[in-house]
Amino acid sequence: MFFEESILKRAQKKELVEVHFHDLHEYSLTRYGSVDDYPYGGGAGMVMAVEPLANCIEKLQGERRYDEVIYTAPDGEMLSQPMANSLSLKENLMILCGHYKGVDERIREHFITKEISIGDYVLTGGELAAAVIADTVVRLIPGVIGDEQSALGDSFQDGLVAPPEYTRPPEFRGWKVPDVLLSGNHAKIEQWRMEQAIARTQERRPELLRESSKA
Ligand code: ADE
């Protein structure tokens, strides 16, 4: 599974991050371990019940201080690189994966400190959203990805998409690597990369340039 095979797994092995999973069924009050119930007022789908969730969140909060209790939902704030940067500076994050039709609103009102959407589409559950959030946050922790500079050079870190990259060979089927990259002139290479990043952003994600001129 994702958490076991990825960069996240390596980060856990290196003890740069701890990831714990909590099974809400263990906090269920019913004989069958159910964690959802029919919505008041009727309608299709089930709602995650307030009691098991509150019990689980409070037990965890009794064990450590959480900087954020995050709920994944399509109506949350859109995940962005600045948001990931800020979350990566926190000590402890709890992520509640939304499921079924949603959670009892009282959980959102009384426990959740941040609601995050990973995009304008609906997933069957919040697990994938939680995995996306965890990946984008954990990779920013120093030491998690090999090259410290690499995360800083990512697309979006400076409000631009990344410039094109090449590796050996310098020519393949007549397709050449741009001369400047082979020149050894670092100032020129940096200038070329910046120009490419701006041109690409203009072409592919012009709204990013408008957003950064607003900030
Ligand atoms: N749960 C269902 N859809 C979601 C989305 N787009 N983002 C976060 N959580 C979700």
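Strand 3 (68-78) and strand 5 (114-117) each give at least two residues to the shell around the ligand, where a shell residue has a heavy atom within 4 Å of the ligand and strands are DSSP runs (E, at least two residues) numbered from the N terminus. Strand 3 supplies the largest share, three residues. This is a predicted model, in which local features need pLDDT of at least 70 and side-chain atom pairs pLDDT 80 or more, while totals for chains, interfaces and linings use all residues. Residues are numbered from 1 along each chain as its sequence is written, and side-chain values use heavy atoms, leaving out hydrogens and water.

Which residues are around the ligand? They are Thr72, Ala73, Pro74, Ile116, Ser117, Ile118, Gly119, Tyr121, Val122, Leu123 and Ala129. Eight of the shell residues are nonpolar, three polar and none charged, with Tyr and Pro counted as nonpolar and Gly as polar.

Now look at the backbone. A ligand nitrogen lies 2.7 Å from a polar backbone atom of Tyr121, and a ligand nitrogen is 3.0 Å from such an atom of Ile118 and of Gly119; polar contacts here are N or O pairs within 3.5 Å. Of the 260 Å² that the ligand exposes alone, the protein buries 96% (Shrake-Rupley areas, 1.4 Å probe).

Stepping back, the chain has ten helices and seven strands, helices being H or I runs of at least four residues. The C-alpha atoms fill a box of roughly 70 × 40 × 35 Å along the principal axes.

Notes:
Polar contact = N/O pair within 3.5 Å; in protein donor to acceptor, adjacent residues only side chain to side chain.
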